[in-house]
Amino acid sequence: MNGRGKSDSPVVPGKPSNKGGGAPPSAEGVEGRGLAKGNLVQRNGCRTQRRGSPHSELERVREVAKRDKQARFSALWHHVTEVDRLREAFLALKRESAPGVDAVTWREYEVGLESRVSDLASRLTRGAYRARPVRRVYIPKPDGRQRPIGVPALEDKIVQRATADVLNAIYEVDFLGFSYGFRLGRGPHHALDALAVGLKHKRVNWVLDADIRGFYDAIDHEWLVKFVEHRIADRRVVRHIQKWLAAGVLEDGVVRQEKEGTPQGGSISPLLANIYLHYVFDLWVQHWRRRHAHGDVIVVRFADDLVVGFEHRMDAERFQGELRERLAKFNLELHADKTRLIEFGQHAETRRRHRGEGKPETFDFLGFTHICAKTRRGWFTVLRQTMAKRMRGKLQALKGELRRRGHLPVPTVGRWLRSVLTGHYRYYGVPNNWHALSRFHYQLGRLWYRALRRRSQRTRLNWDRMQRLIHSYLPYPRIMHPYPEQRLRVTTRGKSSVR
């Protein structure tokens, strides 16, 4: 783990001791030992046989991966090239997604699907498949900047999705419990709940809110391939990952070869990003916590968004410095403006008041502002409210969309707004966030009212009549999610979700 160059192998912690007697096991599985430095192919690869359904075959792969954390799989490509798996991968893609450089849409490919998928499987088997460049588009971010998104060709999406399905059978048993981004059966609310429970029930006094600058554009291809080879010995799988990384990006009619990064938008990009951070961050922080921490440390990671809580400020400051050094060895860096160490926790308000300082600072994570608060009985709790910047950005976008839809009938616009509000409640409808939901509902009603009044200079629409429209089409706020402790009690069965 000294990271003195690219010949170094990341440290993989071994099996922990049984200290603590009857203490419950941690949420993630025990990691196997890493391979010797510079020797990625020394261990015999694990071969898998082609029997039964695609799902039963992957279940056997998963069992081997779970049983032997050092196994390297040398016969995986035939799982990817199965017609049934390619068909399932195609059907799992979004129907209305934008086409890539091939200009082929999902609906067009669906015509004659069986012959198309059979031909794709044949080309994959005999090595005639070629990866195509990724078409780059930009989507606006809440802060006004543009986020680059890569749109692969449709067949590249299919093969990437099938490959990710096969690799997930291996890596899902490797990834640690505090990793939540783009994983099967996990989502942002699992990460939010784990963080809230950790802040409330662990001895946390300091929070490091960290963000990796331009993570997806900075992934080092050479390191990524080395990390993949820790588990994957099938050269066909590795070669195709290298093909997708080297296919280039089409922008303004020019194809540029990228030596770093994996385009956001590809079916396999989230998995590759998780693999990269699993070796660069997750295993390292697990090792650091066991060897160097003097108090409680909690970790929650969703993709490249990291939150680490500490009992002692000394641990937090040392960790921040060593994390910066660790990331630099793998071509990554912390975002200076988005990375902060703040005093946060059940004692933060009392201690800051004694020092004559203001209220505890807040931090943002996955669209919510986290605030130190108290229940009616005076117990410490973490209040999660919709980020004000996110709400303003979304309302501004809806204002422009209402103008574009101004010519449509009122019922049509009303049904569309209902779907917008329902989606908003499904994400932001967490306990104690009702007031933020209510503000969003009210502001959206006002925007619709103004948009309708602009349709005619002689409008007779007043606020009383508008209230009836709002009552008919805009559902009132609802809390859609349980309290964090309730969800985690079911999903982790008492095991730690932040360790």
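Val-410, Pro-411, Gly-414, Arg-415 and Arg-418 of helix H15 meet Leu-469, Ser-472 and Tyr-473 of helix H17, where contact means heavy atoms within 4.5 Å. The model is predicted, so to speak of local features a pLDDT of at least 70 is needed, side-chain atom pairs count only at pLDDT 80 or more, and totals for chains, interfaces and linings use all residues. Residues are numbered from 1 along each chain as its sequence is written, and side-chain values use heavy atoms, with hydrogens and water left out.

The two helices that open this account are H15 (residues 410-428) and H17 (residues 463-473), whose axes come within 9 Å and cross at roughly 55°. Because of that angle, H15 is oblique to H17; angles under 35 degrees count as roughly parallel, over 145 as roughly antiparallel, 65 to 115 as roughly perpendicular and the rest as oblique. Axes here are lines fitted to C-alpha atoms, for helices over the stretch in contact, and angles run from 0 to 180 degrees between N-to-C directions. The crossing of H15 past H17 is right-handed, a term used if the near helix is turned clockwise from the far one by less than a right angle.

The protein has 18 helices and 13 strands; helices (H or I, at least four residues) and strands (E, at least two) are DSSP runs, numbered from the N terminus. Of its 499 residues, 50% are buried, that is, under 20% relative accessible area with a 1.4 Å probe, protein chains only. The accessible surface comes to about 24800 Å², and carbon and sulfur atoms account for 48% of that area, as computed by the Shrake-Rupley method with a 1.4 Å probe. Among contacts with a separation of 6 or more, 73% link residues 24 or more positions apart.

Strands of a sheet pair through backbone hydrogen bonds, either parallel or antiparallel. Two strands are taken to pair if DSSP finds at least two bridges between them. Within it, E5 (residues 206-211) and E9 (residues 305-310) run antiparallel and are joined by six bridges, with Asp-211 opposite Asp-305 in E9.

H7 (residues 188-201) contains His-189. This histidine is buried, with a relative accessible area of 9%. Beyond its neighbours within four places in sequence, His-189 is in contact with Arg-426, Tyr-427, Val-430, His-481 and Arg-487.

E3 pairs with E4 (residues 146-151) in the antiparallel sense over six bridges, and Arg-136 has Gly-150 in E4 as its bridge partner. On its other pairing, E3 (residues 134-140) runs parallel to E6 (residues 249-251), to which two bridges join it. Here Val-134 stands opposite Val-249, and Leu-250 in E6 is the bridge partner of Arg-135.
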